Amino acid sequence: MTETTPQCRTVIDSIPAYKPGKPPAAKEGLESYKISSNENPYPPLPSVVKAVNAAAEDFHRYPDYGGTELSAAIAAKIGVAAENVALGPGSVGVLGQIIQSTCNSGDEVIFAWRSFEAYPILVQAAGATAVQVPLTSEHRHDLDAMAAAVTERTKVIMVCTPNNPTGTTVTAEELDGFIAKIPGHILIVIDEAYLEFDRADDTPDAIAVFKKHHNVAVLRTFSKAYGLAGLRVGYGVAHQPIAEGLRKTMVPFSVTNLAQKAGLASLEAQPELLERVESLVAERTRVYDALTDQGWKIPATQANFVWLDLGDKAMDFAALCGQNALAVRPFPGEGVRCSIGETEANDRLIEVCAEFRASL
Ligand SMILES: *Cc1c(COP(=O)(O)O)cnc(C)c1O
């Protein structure tokens with residue numbers, strides 16, 4: 001008898017292990033900053049911490065399965081029916097639910113590349129096939145090429161706007177033209193993880209687009225602008241039967257009561273949280289302008305990060321950041337994504353960028 005051990009599906013072996021944003025290296029006399037994961041640098045609001053602390057008294061109980069109260073509050077806020085809102089453990093969780101609900105083995109999911117690292121992982125883990133369509137030379141979605149990539153096996157198309165990691169957006173006009181070309185049985189998912197940071201005046205109103213088209217869904221999260229990354233809560237806005245499929249495929253009880261209560265408290269504190277977002281947008285402008293003055297060519301970013309298109313110098317730049325106690329997110333051979341963080345972190349990023357340019 002041959003000796004055997006349980007094996008993962010071969011596709012699982014080919015999935016790169018998730019690389020979490022590294023904690024920054026310590027350096028004598030320098031405070032370390034992590035600007036590698038697009039997190040909100042502000043600590044949670046006292047009102048949100050209070051709601052979470054109160055919820056902590058109850059965690060011997062399972063949470064409300066469907067997150068009824070939070071779903072209803074989100075629905076009221078964005079102006080859709082509660083049955084169109086489905087929660088998940090982060091919008092990454094919801095995206096996993098979308099792919100599980102819609103794709104059989106070998107079905108295709110189209111997305112721009114480079115875009116969010118989680119896309120190929122979730123698609124392949126579900127047994128579907130990732131179809132990656134290169135960004136344009138301006139680091140934007142190439143929607144014509146994405147429409148041309150549709151085949152009989154296409155089930156889902158991701159549109160990430162603002163795009164992670166380049167910060168570029170899709171315009172309302174471009175999106176309308178794109179949707180008109182896509183067969184109605186294909187689900188178009190607009191991933192708006194960074195919506196609150198977007199100040200472009202030609203950005204689509206994704207909820208209005210959702211209402212107009214039965215094959216459009218929207219993904220949003222409390223992780224970035226609302227600062228709840230560690231609690232895991234996001235949502236999808238979808239028509240039936242997809243919305244119901246998302247509820248059926250959620251890992252049971254994966255949105256904890258702590259996360260649900262934090263989401264509710266965050267909606268209540270929205271004006272205060274959006275003031276923080278406004279400060280981060282101002283910081284983004286400051287960083288963008290400073291780097292542009294140094295001579296960097298950076299895509300116009302509408303998210304809480306900047307993309308440095310460094311090609312084969314990406315790792316050198318990340319190493320210099322590390323020497324300066326700044327953790328950034330390099331993509332070897334492509335570029336480096338740097339989140340907008342604390343003011344001092346942004347100051348240091350500007351200095352490191354100047355030093356790196358001087359060394360070229
Ligand atoms: C961060 C991010 C998400 C959501 O993350 P969650 O913490 O799972 O809600 C979704 N899409 C993109 C493009 C992101 O960058």
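## Close-up views of a predicted model

**View 1. Three strands form an open, antiparallel sheet in the order 9-12-11.** From one strand to the next, the twist averages 15°. The structure shown here and in the following views is a predicted model. Strand 11 pairs with strand 12 (residues 335-339) in the antiparallel sense, over three bridges. Within this pairing, R337 in strand 12 is the bridge partner of R329.

**View 2. Seven strands make up an open sheet with mixed pairing, in the order 2-8-7-6-5-3-4.** Strand 2 (85-88) and strand 4 (129-134) are the edge strands, and each pairs on one side only. Averaged over the sheet and with direction ignored, neighbouring strands are turned by 25° against each other. In general, the strands of a sheet pair through backbone hydrogen bonds, in either a parallel or an antiparallel arrangement.

**View 3. Strand 3 (residues 108-113) pairs with strand 4 in the parallel sense.** Six bridges connect strand 3 and strand 4. For F111, the bridge partner in strand 4 is Q132. Helix 5 (residues 118-125) packs on the sheet and touches strand 3 and strand 4, as well as strand 5 (154-160) and strand 6 (187-191). The direction of helix 5 makes about 170° with that of strand 3.

**View 4. T166 lies in the loop that runs between strand 5 and helix 7 (172-181).** The relative accessible area of T166 is 2%, and this residue is therefore classed as buried, the limit being under 20%. Two polar contacts of its side chain can be followed in this view. One joins the side chain of T166 to the side chain of N163, at 3.0 Å. The other joins the side chain of T166 to the side chain of T168, at 3.1 Å. When neighbours within four places in sequence are left aside, T166 is in contact with L135, H139, P299, T301, F305 and W307.

**View 5. The ligand is surrounded by 13 residues.** The closest of them are S91, Y194, T221, S223 and K224. Helix 4 (residues 90-102) contributes the largest share of this shell, with three residues. In the side chain of T221, an N or O atom is 2.5 Å from an oxygen atom of the ligand. A polar side-chain atom of S223 is 2.6 Å from a ligand oxygen atom. For R232, an N or O atom of the side chain is found 2.7 Å from an oxygen atom of the ligand. Taken alone, the ligand exposes 380 Å², of which the protein buries 93%.

**View 6. T285 is placed in helix 11 (residues 270-294).** The relative accessibility of T285 is 38%, so this residue counts as partly exposed. T285 and S101 are separated by 184 residues in sequence. In space, the C-alpha to C-alpha separation of T285 and S101 is 40 Å.

Terms used:
Residues numbered from 1 in each chain as written. Predicted model: local features only at pLDDT ≥ 70, side-chain atom pairs only at ≥ 80, totals over all residues. Heavy atoms only, no water. Pairing = 2+ DSSP bridges. Helix = DSSP H or I, 4+ residues; strand = E, 2+ residues; numbered from the N terminus. Axes fitted to C-alpha atoms, helices over the stretch in contact; angles between N-to-C directions. Contact = heavy atoms within 4.5 Å. Buried < 20%, exposed > 50% of the residue type's maximum accessible area, 1.4 Å probe, protein only. Polar contact = N/O pair within 3.5 Å; in protein donor to acceptor, adjacent residues only side chain to side chain. Near = heavy atom within 4 Å. Areas by Shrake-Rupley, 256 points an atom, 1.4 Å probe, with all protein chains shown as cover.
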